[in-house]
Amino acid sequence: MWLRRAFFGWLIPAAFLLPLWLLVGWAVFNAGGWAFLWVLFLAIPGVFLWQLLLTLLVRARGTVRAHRAVSWWDALGFTVWHLLVISLGFFAEAWWAPVMVVAILAGVGLFWLELWQLWSEARPSRFVLRASEGVAYIPAPSDAPEAPPREVIVITEKQTPPAN
């Protein structure tokens, strides 16, 4: 549970730190002018906005807000996507382009994973049943014993007629 809560706390700082790492990686690993343009105009805004969007989708789920912890699927998806984004910051020419494609695919896959989790948690299928004809209905409450009737005391106030 502590790991899932750590991911919950990491989601918003990641929106700022991952783009910052791409800028620092460009400076440290001497990536060049074209890479600087890519970092400045595509990577930093893209990673920032995509991380914020994914964070909002995660935090929109009731179970995440209640437990203040992401699901295991979230932890796995964000781990893969964040590691791929971090590896892009090393700007190694031998494997940078394939990792870029895989990072984009992982980010899109994570988006659909978050939508799927949000949809499956929010849909009312747990409460609505369907008859064999396809008609939806809400099942009657279980046959729980009724509470015994309580004694009701009614107090009426006697009003005197107004004086003329």
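This is a predicted model: local features need pLDDT of at least 70, side-chain atom pairs count only at pLDDT 80 or more; totals for chains, interfaces and linings use all residues.
Trainee: Where does N30 sit, and what is its phi?

Mentor: Look in the loop between α1 and α2; helices here are DSSP runs (H or I, at least four residues; strands would be E, at least two), numbered from the N terminus. Most residues other than glycine have a negative phi. N30 isn't a glycine, yet its phi is positive, at about 45 degrees.

Trainee: Which loop holds R68, and what is its phi?

Mentor: R68 is in the loop between α3 and α4. Like the previous case, R68 is not a glycine, but its phi is positive, at about 55 degrees.

Trainee: How do α1 and α2 pack, roughly parallel or roughly antiparallel?

Mentor: Two packed helices are described by the angle between their axes and the distance between the axes. The axes are lines fitted to C-alpha atoms, for helices over the stretch in contact, and angles run from 0 to 180 degrees between N-to-C directions. For α1 and α2 the angle is about 175 degrees and the axes are 9 Å apart. Angles under 35 degrees count as roughly parallel, over 145 as roughly antiparallel, 65 to 115 as roughly perpendicular and the rest as oblique, so these two are roughly antiparallel.

Trainee: How many nonpolar residues are in the contact of α1 with α2?

Mentor: Contact means heavy atoms within 4.5 Å, and the residues involved include F8, L11 and W26 in α1, along with F36, V39 and R59 in α2. Ala, Val, Leu, Ile, Met, Phe, Trp, Tyr, Cys and Pro count as nonpolar, Asp, Glu, Lys and Arg as charged, and the others, Gly among them, as polar. With two polar and one charged residue set aside, the nonpolar count is 20.

Trainee: What does V70 touch, and how far is its C-alpha atom from that of R5?

Mentor: V70 sits in the loop between α3 and α4, and with a relative accessible area of 1% it is buried. Leaving out residues up to four places away in sequence, it touches R4, F7, F8, L11, V58, V64 and A75. R5 is 65 residues away along the chain, but the two C-alpha atoms are separated by 6.5 Å.

Trainee: How far apart are the end C-alpha atoms of α4?

Mentor: The expected span of a helix is 1.5 Å times one less than its number of residues. With 17 residues (72–88), α4 should span 24 Å, and the end C-alpha atoms agree: they are apart by 24 Å.

Trainee: Which helices do the buried residues of α4 pack against?

Mentor: The buried residues include A75, F78, W81 and L84. They pack against three helices: α1, α2 and α5.

Trainee: And which helices do the buried residues of α5 pack against?

Mentor: This helix has 27 residues and should span 39 Å; its end C-alpha atoms are 38 Å apart, which agrees. Among its buried residues are W96, M100, L110 and E114. Those buried residues pack against α2 and α4.

Trainee: How many salt bridges are there?

Mentor: A salt bridge is a side-chain nitrogen of Lys or Arg within 4 Å of a carboxyl oxygen of Asp or Glu. R61 pairs with D74 at 2.5 Å, with E114 at 3.0 Å and with E121 at 3.7 Å. The structure's total is three.

Trainee: Is E121 buried or partly exposed, and which residues join into one network with it?

Mentor: D74 counts as buried at 0% relative accessibility, and both E114 and R61 are buried. E121 has 24%, so it counts as partly exposed. R61 lies in the loop between α2 and α3 and E121 in helix α5, 60 residues apart. Shared partners make one network with E121 out of R61, D74 and E114.

Definitions and conventions: Residues are numbered from 1 along each chain as its sequence is written. Side-chain values use heavy atoms; hydrogens and water are left out. Buried means under 20% relative accessible area, exposed over 50%, partly exposed in between (1.4 Å probe, protein chains only).
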